[in-house]
Amino acid sequence: MFDDLRDLYQEVIFDHNRNPRNFRVMENADRKVEGFNPLCGDRLTLFLKINGDVIEEASFQGSGCAISTASVSLMTEIIKGKTEAEAEELFKQFHEMTTGKDEHFNLEAIGKLAVLAGVREYPARVKCATLAWHTLDAALKNEQQSISTE
Ligand code: ZN
């Protein structure tokens, strides 16, 4: 990765950590799932409003490190307006990007989420980045209990 691109990516992560998007409790959420990454201490609660099979709204509460906060903030932005199937596909692409054996994740599909591609170089931080997505996966499967990355 070029240094200037890395700087840009870090700037996006810092921005989402300082000013998380959709950081609020959602009243009357259709889905609410808590996620916990004991490795780092990241905790979040994800709220979804679903109409038919479309994610109309997504928000979160919680506290975690910069990577986990930026990841869930970016995720709530990108899944809004997506169908459940499209969100599951994004989860697969994101998982492939952060943990995959090959570099051929779909950059076009992943869009802005590419700012988190750098975590694959830091195995200890991968769970910080994927916590939001594992929590989303549980919410989409309508598993209402808490999830843990361990
Ligand atoms: Zn973390």
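**Exercise 1. Work out which residues hold the zinc ion, and at what range.**

Start with the donors (N, O and S atoms within 2.8 Å of the metal, or 3.2 Å for Na, K and Ca; water is not among the atoms, so sites may look incomplete). The zinc ion is coordinated by Cys 40 (SG), Asp 42 (OD), Asp 42 (OD), Cys 65 (SG) and Cys 128 (SG), at 2.2 to 2.6 Å. Next, look at the spacing: the donor residues follow the pattern C-x1-D-x22-C-x62-C. Cys 40 sits in the loop between β1 (31-37) and β2, while Cys 128 is in helix α5, 88 residues apart. Helices (H or I, at least four residues) and strands (E, at least two) are DSSP runs, numbered from the N terminus.

A quick word on the model: it's predicted, so local features need pLDDT of at least 70 and side-chain atom pairs 80 or more, while totals for chains, interfaces and linings use all residues. Residues are numbered from 1 along each chain, and side-chain values use heavy atoms, without hydrogens and water.

**Exercise 2. Count the disulfides.**

Take the rule (a pair of cysteine sulfur atoms within 2.5 Å). Apply it, and you get zero.

**Exercise 3. Find the largest nonpolar core and its main contributor.**

Such a core joins buried (under 20% relative accessible area, 1.4 Å probe, protein chains only) Ala, Val, Leu, Ile, Met, Phe, Trp, Tyr and Cys residues through side-chain atoms within 4.5 Å. The largest one has 42 residues, and those with the most contacts inside it are Leu 48, Ile 79, Trp 133 and Leu 136. Finally, α5 gives the most, with 10 residues.

Key: Buried means under 20% relative accessible area, exposed over 50%, partly exposed in between (1.4 Å probe, protein chains only).
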